[in-house]
Amino acid sequence: MSTHDVVGKGRFALLTGISGGAWADAAAKVADQIGIEIAAHVIGPGRELTDAYEDWARAREVAESGCVLVRPDGHVAWRSASLTDDPMAELSRVLTTVLSL
């Protein structure tokens, strides 16, 4: 499965590696707070999405604990190089900026 298969579809998507699970948790909370849909995907061994050929690892341009936020049109809106101290606050700040709220 390609990342193109899990992004777009009229909603934001957040992609992270196995050590970035806190981003996925933050995405669910921020989505509820702002009132939008964010599909969060943790990619790696033992997860619904794996990276068998390490294509995701080469393309993501962030560390395993970082994340990539993809707009509903499939374009990257933002990247975090690694997990921050407060992923919920950071993601909320970013989405507020991206959505001009």
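Me: Which residues is Ser65 in contact with, leaving aside its neighbours within four places in sequence?

Reply: In this predicted model, Ser65 is in contact with Thr16, Ser19, Gly20, Trp23, Ser82 and Leu83, once neighbours within four places in sequence are left aside. Ser65 itself lies in the loop between α2 (55–59) and β3 (67–70).

Me: Is Ser65 buried or exposed?

Reply: Buried means under 20% relative accessible area. Ser65 has 16%, so Ser65 counts as buried. Look at its side chain too: a polar atom there lies 3.1 Å from the backbone nitrogen of Leu83.

Me: Let's turn to α1. How should I read the way a helix faces its surroundings?

Reply: Start with the general idea: an α-helix has 3.6 residues a turn, so residues three or four places apart point the same way. Now the case here. α1 has 14 residues and reaches 20 Å from its first C-alpha to its last, close to the 20 Å expected at 1.5 Å a residue. Its buried residues are Trp23, Ala24, Ala26, Ala27, Val30 and Ala31. They cover an arc of only 160° around the axis, so they sit on the same side of α1. On the other side, Asp25, Asp32 and Gln33 are exposed.

Me: What covers the buried residues of α1?

Reply: The cover includes β1, β2 (38–43), β3, β4 (76–80) and α3. After α1 comes Gly35, with a positive phi near 90°.

Me: Which residues touch the most other members of the largest nonpolar core?

Reply: That core has 14 residues, and those touching the most other members are Leu14, Trp23, Ile38, Leu69, Trp78, Leu91 and Leu95. Two or more residues each come from β1 (12–17), α1 (21–34), β3 and α3 (87–98). The largest share, five residues, comes from α1. Apart from this core lies another, of nine residues, among them Leu15, Leu49, Val62 and Val70.

Me: And Leu14, what is it in contact with, beyond its neighbours within four places in sequence?

Reply: Its contacts include Trp23, Ala24, Ile38, Leu69 and Leu91.

Me: How do I read an aromatic pair?

Reply: A pair of aromatic rings is described by the distance of the centres and the angle of the planes. The count here comes to one aromatic pair. Trp23 and Trp78 form this edge-to-face pair, at 5.7 Å centre to centre and 75° between the planes. The pair links distant parts of the chain, with Trp23 in helix α1 and Trp78 in strand β4, 55 residues apart.

Methods:
Residues numbered from 1 in each chain as written. Predicted model: local features only at pLDDT ≥ 70, side-chain atom pairs only at ≥ 80, totals over all residues. Heavy atoms only, no water. Helix = DSSP H or I, 4+ residues; strand = E, 2+ residues; numbered from the N terminus. Buried < 20%, exposed > 50% of the residue type's maximum accessible area, 1.4 Å probe, protein only. Polar contact = N/O pair within 3.5 Å; in protein donor to acceptor, adjacent residues only side chain to side chain. Contact = heavy atoms within 4.5 Å. Core = buried A, V, L, I, M, F, W, Y, C linked by side-chain atoms within 4.5 Å. Expected span 1.5 Å × (residues − 1). Arc of directions from axis to C-beta. Phe/Tyr/Trp six-rings, centres within 6.5 Å; stacked < 30°, edge-to-face > 60°.
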